[in-house]
Amino acid sequence: AYRSRGIHAPASLNAVTETDLAHFASILAPSSVISSLAPVNSPTDELDPFNQDWMGRFKGNANTVLKPKTVQEVSQIVKWCNERRIGIVPQGGNTGLVGGSVPIGNELVLSLANMNKVRSFDPVAGILVADAGCILQALTDYVAPLDHVMPLDLGAKGSCQIGGNVATNAGGLRLLRYGSLHGSVLGLEVVLPDGTILDQLTTLRKDNTGYDLKQLFIGAEGTLGIITAVSILTPPAPQATSNVILALPHFDNVLPLFQTVKRDLSEILSAFEFLDRTAYDLAVKHGQGKALDESEVEGAQCFVLVETSGGRREHDEEKLNDLLEKLLEADEPLINTGVVSQNPSQFESIWGLREGVTEAISKEGKAYKYDISVPVATFKDCVDATRDHLESKGLMRPDAVKYVVGYGHCGDGNLHLNVCAAAYTQEIADALEPFIYELVQKHRGSVSAEHGIGAMKTHALHYSKDAVSIGLMKQIKGIFDPNGIMNPGKVLE
Ligand code: FAD
Ligand code: MLT
Ligand code: ZN
């Protein structure tokens, strides 16, 4: 769909040639080079996974993928590309959901997959320094026996990389508790678009020495440079965690429930996640997590997952049980039922219902994903208005749009509004945009709460950012990357 808007790599950029390839081959180990050009001649199925995004919606045409092993190698590649005006797409785990991680034309893909070592961990301060290509789950596993947790968690944890997380300023399931990466990331090592290595890999909690340059790369989606290492604050592991899935008779109960849960659980509340009925049913249908008993969820309009993380199990359980009792025994209960996990496997399977929605939707069809910040009170209205709009266009039918689904990080005011279709078509795309962006603008929301702009939303940036801000963003891009080689066509048009 994005191709029909005429998005393409700038004509001023060059494709990788055999001469360029020979240069890269002189810097890198043979195993770090995949290319359809001679003399490497890799088969296209080796390039395909780097050219195709997670949703199967965005497709690039890179003839070469490089997988450097050191920051010096990254620097040499980037310097050459800058001199030769070759576009570069930095790629982490390629789990991004806005088409930012694959080329829009024939840019070079620079994968961080071979830069995957932990550099240091300070167990007293809880500060981890790791190569950008470390997989999030691997880092979680690394700090766990050292009694720490990563400050972020997301459904893509088995594939996404910490560098990609920082580049997208990923939010995820722990933001309510530990805040955004703008707070947790203490330092970065970045290769700038001319090949210079910017060493801001500090491990200081406090550092007020002028402009905080690293913040610019957090959420820049690879448009200002390549993150090669990250210094990040990891919180102490909670001594006790629990979760509960709550079935609600009406969406209107979500806000009062959130207020009650925040007040009653206070310091032990660590997640408040939302699924509408369609999201829950799809997760169950596709075997994500464990379904509640049929009788218990009859008549439920939506679901909320509450997680607690605290310091003493008995204390936390008492608080959670008191809350449930109060909720169920109220004159007009806010919930129909609530099922508390009794052991680690039930804990995982309750999370599976929520984390598995993305996967379930992708098994059901092709997802148009809108990741918006809007007031929580409007979540249902946004989903209903979109469904009604598609209905009015005659598109709510099995061979066009199958479902309109709402789920997300309710505690952060972030709704994932997904339209699950039989196929990606121009007719559906035209029905959804600008309709959804205008809806967001009406609520003074954001067109991207956490997934970013990528290639998908460059044309929609103005719905959430004013002209002055976009002008400054363009100036910053011009200072860092005057030749426009770094992830062209992403974030800014
Ligand atoms: P990629 O997809 O490879 O790249 C994403 C962007 O970052 C691209 O623009 C790319 O050019 C750039 N980039 C990658 N690595 C670097 C680097 N080292 N230096 C500079 N730029 C770089 N996102 C959320 O925010 N919250 C969620 O809860 C969440 N859940 C998800 C669940 C599933 C099942 C899936 C598939 C995705 C989910 N996402 C979520 C989206 C995605 O996983 C995140 O955006 C993730 O942070 C991307 O990391 P990655 O390594 O896969 O990056
Ligand atoms: C989530 O919260 O599940 C992720 O952001 C992925 C998605 O939006 O599908
Ligand atoms: Zn999310």
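The residues of the shell around ligand 1 divide into 13 nonpolar, 21 polar and 4 charged; Ala, Val, Leu, Ile, Met, Phe, Trp, Tyr, Cys and Pro count as nonpolar, Asp, Glu, Lys and Arg as charged, and the others, Gly among them, as polar. This is a predicted model, in which local features need pLDDT of at least 70 and side-chain atom pairs count only at pLDDT 80 or more, while totals for chains, interfaces and linings use all residues. Residues are numbered from 1 along each chain as its sequence is written, and chains are lettered from A and ligands numbered from 1 in the order in which they are written.

**Ligand 1**

- Of the 38 residues around ligand 1, the nearest are G92, G100, G163, G164 and G222; a residue is near a molecule if its C-beta atom, placed from the backbone, lies within 6 Å of it.
- Strand 3, helix 5 (162–168), strand 9 (226–233) and helix 14 are the elements that give two or more residues to this shell; helices (H or I, at least four residues) and strands (E, at least two) are DSSP runs, numbered from the N terminus.
- Helix 5 provides the largest share of the shell around ligand 1, with 5 residues.

**Ligand 2**

- The residues surrounding ligand 2 are G155, V357, T358, K369, D371, G408 and H416.
- At least two residues of this shell come from each of helix 14 (357–364) and strand 14 (366–373).
- By class, the shell around ligand 2 has 1 nonpolar, 4 polar and 2 charged residues.

**Helix packing**

- Two packed helices are described by the angle between their axes and the distance between the axes.
- Helix 1 (residues 18–27) and helix 3 (residues 71–84) have axes that come within 10 Å and cross at roughly 165°; axes are lines fitted to C-alpha atoms, for helices over the stretch in contact, and angles run from 0 to 180 degrees between N-to-C directions.
- Helix 1 is therefore roughly antiparallel to helix 3, given that angles under 35 degrees count as roughly parallel, over 145 as roughly antiparallel, 65 to 115 as roughly perpendicular and the rest as oblique.
- On the helix 1 side the contact is made by D20, H23, F24 and I27, and on the helix 3 side by E73, Q76, I77, W80 and R84; two residues are in contact if their C-beta atoms, placed from the backbone, lie within 7 Å.
- The contact of helix 1 with helix 3 has 4 nonpolar, 2 polar and 3 charged residues.
- Helix 10 (residues 277–285) packs against helix 14 at an angle of about 75°, with the axes 8 Å apart.
- Helix 10 and helix 14 are therefore roughly perpendicular to each other.
- In this pair, A279, L282, A283 and K285 of helix 10 meet V357, A360, I361 and E364 of helix 14.
- The contact of helix 10 with helix 14 has 6 nonpolar, no polar and 2 charged residues.

**Backbone geometry**

- Most residues other than glycine have a negative phi, and most peptide bonds are trans.
- A38 and P39 are joined by a cis peptide bond with omega of about 5°, and P39 lies in the loop between strand 1 (33–35) and helix 2 (44–51).
- E433 and P434 are joined by a cis peptide bond with omega of about 10°, and P434 is in the loop between helix 16 (426–432) and helix 17 (435–442).
- N94 is not a glycine, yet has a positive phi of about 55°; N94 is placed in the loop between strand 3 (88–91) and strand 4 (108–111).
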